[in-house]
Amino acid sequence: MTTTLAPQVRMGKAAVWALGLLAISTGALESVVAPTLPLLQRELDISPSTGALLNIVLAITGALVTPLAGKLGDRYGGKRVLIRLMAVVSVGGLVSAMAPNLPVLLLGQVLQGAMIGALPLSFIVVRKHLPAGESKVAIGLVSGMFVGGSMVGLLAAGPVAEALSRHWMFAVPTFAVIGFTLLVNRLMPADQPGRSDDAGIDWPGMLLLSGILVTLMLSLAVAPDAGSQPLVLVALLVLLAAFVSGWIAVERRAAAPLIDLSMLARPVIWKSCVLTFVICLGTATGVFLVPQLLDVSGDGYGFGASATEIGFILLPGAVAGTLAGPAGGLGERRFGSRAVAAAAVVIMATAMLALSVAHTEVWHIVVGKALIALANGLCVTAMVTSIVSSVDESDTGIATSLILVTRVLGSAVGGMLGGVLLTAGTPSGSDDPAESAFATGFLIAGVVAVLSLLVVRSMSKGAKK
């Protein structure tokens, strides 16, 4: 007996905006750590590389939850899974808000990492309830508002932490997440399950992927001291290779793999993932290094700015990041994905290389950070919309999860790179990293962006509509 599914209910504008507002609040909650890292490092008495862990644990959780959320959303319905996921995020935000020390704060960040899975679930719902052209604009809107929310968090975290406490900078966006989750639950039409297979969750794949991510971060953390403990680094690299080999073997045999490697083999998808990784590595490097540079008071470099002043200096970046998402979606429709990706990579490379040699004036930082935010929003949105239009509707969650996992990996590596460089570049007996550590971080991200142009040249132009 065959059951005919009822047609999906069209999504109203109010529901799209509710998703966007939820994206703003989750983006803000995700980003409050970045501008206040110097403050947190002082209050918790931790080094820059240890401070980078606050971003990394969130990224690791996101990388694990995102493909799982996309798969469950495709199978059981995006709205149903989204609401439950945001409940976990809300608990994480409250734990972070009440955290008395670093271990509890890390636990809160682990739970908050579930928010990364919200974007593919939003894309599933949008694509099911809107025509193709409108869904691209809606995806660009939601992506852009998430980026804009991240910039709002960067801007507001400092004033809130200084006027109230570090606890409130987590509490305020968490209350917004709770409120907008309730609004989405009320306004969003329920989407019907897409697939009803009996395959279970790929727990071995998830466990091995978590091992890969943790080992990768540990390897990056140990790398600066490799001269004094080479066997530790070698052991970590061997363990990393073993995890990667085991994970690939498991994913190839799994009935319902966590990440579909055959889908990743498609040129449009792996090229999009490479570009997303590069752009997000550069973005995370800038997001980590810029507040640290603004905070430090070195000999001829740094600004000695407070957390509030740092937020205001980053305001132009907030505006650029907010506008870049919708612009990326519209640009992909009009000019194709390759043109938008090329523009984003050139902007990122220009910003990073310029900051590596010119970072002694406030306007250097303002312009550089705005260009970084613009490049990030353009590229990520264009890559997501390009992939969404290249796969079947039932694979939307899995395909966009690949991009978002890559985003998380790029952000984690970029953040850890910045933390390791500053820790290694801090002279003995000093609290301030050397200027060369900042310049090296910007230079590495810029060179990687330039090299990624080779991938951009091999991309197809993408459909123009």
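Is glutamate 43 buried, exposed or partly exposed? Glutamate 43 is partly exposed, with a relative accessible area of 48%. Some notes on this predicted model follow.

1. **Salt bridges overall.** Searching the whole structure turns up two salt bridges. Side chains of opposite charge can pair when their charged atoms come close. Both pairs are taken in turn below.

2. **Arginine 166 and glutamate 43.** These two residues form a salt bridge, with the closest N and O atoms 3.0 Å apart. Arginine 166 sits in helix H8 (residues 166-187) and glutamate 43 in helix H2, so the bridge ties together parts that are 123 residues apart in sequence.

3. Arginine 166 is buried, at a relative accessible area of 8%.

4. **Aspartate 295 and arginine 42.** Here the closest N and O atoms of the salt bridge are 3.2 Å apart. Aspartate 295 belongs to helix H12 (residues 267-295), and arginine 42 to helix H2 (residues 33-44); the pair therefore ties together parts that are 253 residues apart in sequence.

5. Aspartate 295 is buried, with a relative accessible area of 19%. Arginine 42 is exposed, with 54%. The aspartate value is under the 20% cut-off, so aspartate 295 counts as buried.

6. **The aromatic pair.** A pair of aromatic rings is described by the distance of the centres and the angle of the planes. The structure holds one such pair. It is formed by tyrosine 301 and phenylalanine 438: the centres are 6.5 Å apart, the planes make an angle of 55°, and the arrangement is tilted.

7. Tyrosine 301 lies in the loop between H12 and helix H13 (307-313), while phenylalanine 438 lies in helix H18 (residues 435-451), so the pair ties together parts that are 137 residues apart in sequence. Both tyrosine 301 and phenylalanine 438 are buried.

8. **Threonine 174.** Helix H8 contains threonine 174. This threonine is buried, with a relative accessibility of 0%. Which backbone oxygen does the side chain of threonine 174 reach? The side chain reaches the backbone oxygen of phenylalanine 170, at 2.7 Å.

9. **Neighbours of threonine 174.** Set aside the residues within four places in sequence. Threonine 174 is then in contact with Leu29, Ser90, Gly93 and Leu94.

Notes
Residues are numbered from 1 along each chain as its sequence is written. This is a predicted model: local features need pLDDT of at least 70, side-chain atom pairs count only at pLDDT 80 or more; totals for chains, interfaces and linings use all residues. Side-chain values use heavy atoms; hydrogens and water are left out. A salt bridge is a side-chain nitrogen of Lys or Arg within 4 Å of a carboxyl oxygen of Asp or Glu. Helices (H or I, at least four residues) and strands (E, at least two) are DSSP runs, numbered from the N terminus. Buried means under 20% relative accessible area, exposed over 50%, partly exposed in between (1.4 Å probe, protein chains only). Rings of Phe, Tyr and Trp (its six-membered ring) pair if their centres lie within 6.5 Å; planes under 30 degrees apart count as stacked, over 60 as edge-to-face and the rest as tilted. A polar contact is a pair of N or O atoms within 3.5 Å; within protein, one must be able to donate a hydrogen and the other to accept it, and residues adjacent in sequence count only if both atoms are side-chain atoms. Contact means heavy atoms within 4.5 Å.
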